[in-house]
Amino acid sequence: MPTRQERRAKLKAEMARVIARGVEAAGAPERWWWAVAAETRYLIDIFRSGGKKRASDAAKHAHEFFERSVKSNNPGGSIDCAKGCFMCCTLYVSATAPEVFLVAEYLRNETPERFNEILERVRAVDRDTRYMDDRARLPTRIRCPLLGSDDACVAYSVRPSACRGFVSSSLEACKRGYAGNGNETIPRPPMWWQIRGAQNFAVEAAMIESGLPPTHYS
């Protein structure tokens with residue numbers, strides 16, 4: 001059984017590792033859990049910092065953890081997703097409060113001239129979908145209000161983890177699903193789900209430890 005001092009030293013070393021490489025999705029379970037614990041520690045420190053932007057800063061840190069992890073791992077398959085492919089942007093998507101704050105902050109700073117227009121689109125979609133569950137939402141094909149006229153996300157760099165983790169290895173499968181086959185299986189490299197799971201676990205654990213509700217919102 002390692003001592004408290006040894007555990008602290010291990011956590012400190014792992015915190016340096018996740019800043020450089022993220023999580024090793026295919027690594028040993030012990031390595032995976034230490035990486036998640038290290039990211040959780042970072043997020044707790046941000047949530048408890050008292051800064052005005054602590055929520056959006058925490059979301060940004062978690063997204064950077066995700067992106068570093070993707071770059072450090074073998075995806076285990078091809079990705080057919082490309083800019084302007086919007087089919088999955090008609091599905092139900094949830095986000096944590098920190099992710100919502102980060103998107104709002106980004107839109108206010110990067111698209112101030114369009115912020116009110118985008119906000120009205122968000123409100124309109126909320127009115128149309130507020131009481132729909134996943135099954136009811138699927139056939140409506142209601143577009144995400146953050147899609148621009150070119151079918152690209154206007155907040156792509158700060159998109160929620162649900163969007164980051166939802167990728168496809170088959171454009172044809174996506175087309176069949178979008179055309180109406182709700183039972184279509186969309187193939188995707190399992191590595192993406194493992195990394196998204198690591199990110200979500202760290203965020204939720206940090207929020208609970210910081211006395212915040214880990215609720216996901218539509």
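Start with the angle classes: under 35 degrees counts as roughly parallel, over 145 as roughly antiparallel, 65 to 115 as roughly perpendicular, and the rest as oblique. Angles run from 0 to 180 degrees between N-to-C directions, and axes are lines fitted to C-alpha atoms, for helices over the stretch in contact. Helices are DSSP runs of H or I with at least four residues, strands are runs of E with at least two, and both are numbered from the N terminus.

The model is predicted: local features need pLDDT of at least 70, side-chain atom pairs count only at pLDDT 80 or more, and totals for chains, interfaces and linings use all residues. Residues are numbered from 1 along each chain as its sequence is written, and side-chain values use heavy atoms, with hydrogens and water left out.

H3 and H4 pack at an angle of about 100°, their axes 7 Å apart. H3 and H4 are therefore roughly perpendicular to each other. On the H3 side the contact (heavy atoms within 4.5 Å) has Ala55, Ser56, Ala59, Lys60 and His63, and on the H4 side Pro98, Glu99, Phe101, Leu102 and Glu105. By class, that is five nonpolar, two polar and three charged residues. For the classes, Ala, Val, Leu, Ile, Met, Phe, Trp, Tyr, Cys and Pro are nonpolar, Asp, Glu, Lys and Arg are charged, and the others, Gly among them, are polar.

Next, how does H2 pack against H3? The angle between helix H2, residues 29-47, and helix H3, residues 54-72, is about 160°, with the axes 9 Å apart. H2 and H3 are therefore roughly antiparallel to each other. The contact takes in Ala35, Glu39, Tyr42, Leu43, Ile46 and Phe47 from H2, and Arg54, Ala55, Asp57, Ala58, His61, Ala62 and Phe65 from H3. Sorted by class, the contact of H2 with H3 has nine nonpolar, one polar and three charged residues.

Now salt bridges, meaning a side-chain nitrogen of Lys or Arg within 4 Å of a carboxyl oxygen of Asp or Glu. How many does a search of the whole structure find? It finds 15 salt bridges. One network of salt bridges links Glu14, Arg17, Glu24 and Arg31.

For burial, under 20% relative accessible area is buried, over 50% is exposed, and in between is partly exposed, using a 1.4 Å probe and protein chains only.

Aspartate 45 pairs with arginine 41 in a salt bridge, the closest N and O atoms 2.8 Å apart. These two are four residues apart in helix H2, which means a separation of about one helical turn. Aspartate 45 is partly exposed at 40%, and arginine 41 is partly exposed at 28%.

Lysine 53 and glutamate 105 form a salt bridge at 3.5 Å, N to O. Lysine 53 sits in the loop between H2 and H3 and glutamate 105 in helix H4, residues 97-110; they are 52 residues apart.

Glutamate 67 and arginine 159 also meet in a salt bridge, at 3.7 Å, N to O. Glutamate 67 is in helix H3 and arginine 159 in the loop between H6 (134-137) and H7 (161-165), so the pair ties together parts 92 residues apart in sequence. Glutamate 67 is partly exposed at 26%, whereas arginine 159 is buried at 12%.

Last, glutamine 199, in helix H9, residues 190-209. Is glutamine 199 buried or exposed? Glutamine 199 is buried, with a relative accessible area of 2%. Leaving out residues up to four places away in sequence, glutamine 199 touches Ala62, His63, Phe65, Phe66 and Ser161.
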